[in-house]
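Me: Please go through this structure with me, one question at a time.

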Amino acid sequence: MTAPNFLADSFQIENSEGAVLEHPHDHLFGKVLGLLFVHDCSSSQLTAFLHHTQQFYNRVNGVENKSFTGKRAHNLEVVVIPSPSLDETTLQKWMNNLASPFLQVSPKEGNKLVELITKYPLEEDEVALQIVNWDGSVITRQGLVDVLSKGDSCLMHWQMVRKTEPIAGAEDAPVSVPGSTAAPPSSKTVVGGVAVDLPF
């Protein structure tokens, strides 16, 4: 059973090295999603923004040297949304130099990227970290403001208010309790207007 995710359903997702994720739904499932919009890889605004964003991401996910150490659960995923105007080679070089293993929507998505950026309106050349649910609905458009004002505790807040992914077919799946046995079938009869279970 695969849970839906608006990014994995519609876009090709790549890792920080530009390799396509084979199972993006599994990778994004259960995580808080941060959309990092990038218009100009060389802007001083982005450099300052990234400093705080990467430090936060690495702390809360237990990342060292761009690798997950397992010291913390991987609960936050940051996905770079590149401007279609960015040169792919320049973008990939920038991704390679990041201190955090962010994901990215493939720059090859072209017009679909324009639609995605339009869905989350920004000022021209604005850098933003928007925190969203699996269905694309917004938790906050001011992700970095939360990080700077609340510190690492903002991740817990985002986790508390995020929507849980529905899993197709899960509501029909039988539930079993380890160590328990199924109750024997029973029949009902009505005694004095009250339905009574009979153990046979």
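Me: Which residue in S5 does Leu-36 stand opposite?
Reply: The model is predicted, with local features needing pLDDT of at least 70, side-chain atom pairs counting only at pLDDT 80 or more, and totals for chains, interfaces and linings using all residues. Residues are numbered from 1 along each chain as its sequence is written, and side-chain values use heavy atoms, without hydrogens and water. Strands are DSSP runs of E with at least two residues, helices are runs of H or I with at least four, and both are numbered from the N terminus. S2 and S5 run parallel, joined by seven bridges (strands pair if DSSP finds at least two), and the residue opposite Leu-36 is Val-80.

Me: Which residue in S6 does Val-80 stand opposite?
Reply: S5 also pairs with S6 in the parallel sense, over two bridges. There, Val-80 stands opposite Gln-104.

Me: How many residues of strand S5 are buried?
Reply: Buried means under 20% relative accessible area, exposed over 50%, and partly exposed in between, with a 1.4 Å probe and protein chains only. Leu-76, Val-78, Val-80 and Pro-82 point one way, Glu-77, Val-79 and Ile-81 the other, and all are buried. For strand S5 (residues 76-82) the count is seven of seven.

Me: How many aromatic pairs does the structure hold?
Reply: Rings of Phe, Tyr and Trp (its six-membered ring) pair if their centres lie within 6.5 Å; planes under 30 degrees apart are stacked, over 60 edge-to-face, and the rest tilted. One of the pairs is Phe-37 with Tyr-120, tilted at 6.0 Å and 50°. The total is four.
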